[in-house]
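Subject: Structure for you to look at

Hello,

Here is the structure we talked about. Please open it first, and then read the notes below beside it.

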Amino acid sequence: MNEAWNAGTGVTRRTALGGAFAAGVCLGTEGLFAAPAAGEAQMPGRPWAKDPRYRLPLLAFGCADRFPQKRGHGKNSVDYEFAAELVDYAMKHGVNWFDTGYVYHAGESEKFLGKTLVKYPRESYILSDKMPAWKCDRKEDIARIFEEQLARCHTEYFDFYLLHSIGSKPVYEKVYKQWGGLAYLREQKAKGRIRHLGLSFHGKSDFLEEVLTENPDLEVCMVMQNAMEHTWNKDSRKFPEICVRHGVSVLVMEPLAGGRAAGLRGKSMEPLLKVHPEDTPAKWGLRYAASLPGVVCLMSGMNKLAHLQENIRTLGAAFKPLDEAEKKAYDEAIGVYMKYKSIPCTGCRYCMPCPYGLPIPEIFAWYSEWAQSGRLPADEGPNDSQDLRRRFLASYYNKFPSKTRADRCLGCKKCLVSCPQWTFRIPVEMGRIADLVARTENVYVQKGGVIR
């Protein structure tokens, strides 16, 4: 392992571990990463805004409902054996930051990391967790959740601890101000149980400005940054510059827009193939996010070894930011993709369970697949086709039993409390899908089709 983890500072790994960790400083530097085998990629570090002497890995392992699941054990299960192999591979290649949350995999994410990382020295990896304010029904829940998280993760401290999914000002005011949530977390930091405080943010830029101004001790901010998000929610383009102005490092969640940015194909790929015919859309998406100002780390969920390997190759020592010609090509590709309007749902499942039994993320994913492939039925033009209507209706009715379809949504809005995507409204989109299905069925029947 490289002894001089930060050339030029005179600080070695030995003195760093002996002094900096005792002082509560998280050092995500090359020298602290597990040494890769000869010829294998190693993850570079980027300077941390609060103290440029220290560096954080450009790629982190996002653990939000993205671990491989055990077949037949439900959507919140984790295949511990296979997921542990991914963690071991990540550690071996310098991806030593693991970002989890109280609600991820319904708590299984924290438990899995607690059991899997215990074999590694605590100072060899970075662990971040979050406080889910929407799960706090009373003041006492703040301490209860935090203690439960430490226990699940089998750790005495979190390197980074974030206020989770800040977007609703009323919830922020109640939990972190009126109930003293921030004061409690600052107490835990003073005790060494939290090394660094930050937030994950899903609101509007003026609210982000307000939160960072009120809390100058926040050191990192996790925001959704990808080319699709910048199209759906142009206000999100302001987030990195606001963070930079406050000296806060940017952590990127959903760099591939929940996987959609990795799914470019057909005409949307043509501008990219002209520039780098060998590069995948995932590589383009990661390079786009990592080229944004103030970004020090991308949080990527990786449930396949191939995904982990590609991400390491893309963001490893050979990483290069997009140049102007590449940015133009990528913008053009995303522009083509966005002509077919999908629903900006990342599949995080915070909205679940629906009290009326709707599989919300699955319905949106199904609709977006039809939309992005340009196959939504229409009353005129090339998609005015009885065969297309038949296949569309058959797909919908076969995939979703009658009691789980979009028209069963009563607009109770319970899902909106926890949904981090303020750029769309779940009941509105459900109504849109229900209307499309109903209209498609009416036209299909009017033109002689039979519904069985």
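One definition is needed before the rest: a residue is called buried when its relative accessible area is under 20%, exposed when it is over 50%, and partly exposed in between. Please also keep in mind that this is a predicted model.

Overall make-up

The protein chain has 17 helices and 10 strands. Of its 452 residues, 54% are buried. Taking contacts between residues at least 6 apart in sequence, 74% join residues at least 24 apart.

Nonpolar cores

The largest nonpolar core contains 91 residues. Within this core, Phe-61, Phe-98, Tyr-176 and Leu-199 have the most contacts. What does Tyr-176 touch, leaving aside its neighbours within four places in sequence? Its contacts include Met-131, Ala-133, Leu-163, His-164 and Ile-166, and also Val-171, Gly-181, Leu-182 and Leu-185. There is a second, separate core of 28 residues, with Ile-343, Cys-415, Cys-419 and Ile-426 among them.

Helix 12, residues 305-315, has buried residues too: Leu-308, Glu-310, Asn-311, Ile-312, Thr-314 and Leu-315. Among the elements that cover them are strand 3 (59-62) and helix 2 (80-92), together with helix 11 (281-290) and strand 10 (295-301).

Salt bridges

The count of salt bridges is 28. Three of the pairs are described here.

Arg-138 and Asp-141 form a salt bridge through their side chains, at 3.7 Å from N to O. Are these two residues buried or exposed, or in between? Arg-138 has 49% relative accessibility, so it counts as partly exposed. Asp-141 has a relative accessible area of 6% and is therefore buried.

Glu-148 and Arg-152 are joined by a salt bridge as well, with an N to O distance of 2.9 Å. Both residues are in helix 4 (residues 140-153), where they are four residues apart, or about one turn of the helix. Glu-148 is partly exposed because its relative accessible area is 26%. Arg-152, at 14% relative accessibility, counts as buried.

Glu-219 counts as buried at 10% relative accessibility, whereas Lys-189 is partly exposed at 27%.

Salt bridges also link several residues into a network: Glu-110, Arg-138, Asp-141, Arg-144, Glu-148 and Arg-152.

Helix 16 (414-418) and helix 17 (426-446) each supply at least two residues of the lining.

Backbone features

The peptide bond from Met-352 to Pro-353 is cis, with omega near 0°. Pro-353 is found in the loop between helix 13 (324-337) and helix 14 (360-372).

Ala-257 is not a glycine, yet its phi is positive, at about 55°. Its place is the loop between strand 9 (249-253) and helix 10 (270-275). With 1% relative accessibility, Ala-257 counts as buried.

Lys-413 also has a positive phi, of about 70°, without being a glycine. Lys-413 lies in the loop between helix 15 (386-399) and helix 16. Its relative accessible area is 52%, so Lys-413 is exposed.

Regards

Conventions:
Residues are numbered from 1 along each chain as its sequence is written. This is a predicted model: local features need pLDDT of at least 70, side-chain atom pairs count only at pLDDT 80 or more; totals for chains, interfaces and linings use all residues. Side-chain values use heavy atoms; hydrogens and water are left out. A nonpolar core is a set of buried Ala, Val, Leu, Ile, Met, Phe, Trp, Tyr and Cys residues joined through side-chain atoms within 4.5 Å. Buried means under 20% relative accessible area, exposed over 50%, partly exposed in between (1.4 Å probe, protein chains only). Contact means heavy atoms within 4.5 Å. A salt bridge is a side-chain nitrogen of Lys or Arg within 4 Å of a carboxyl oxygen of Asp or Glu.
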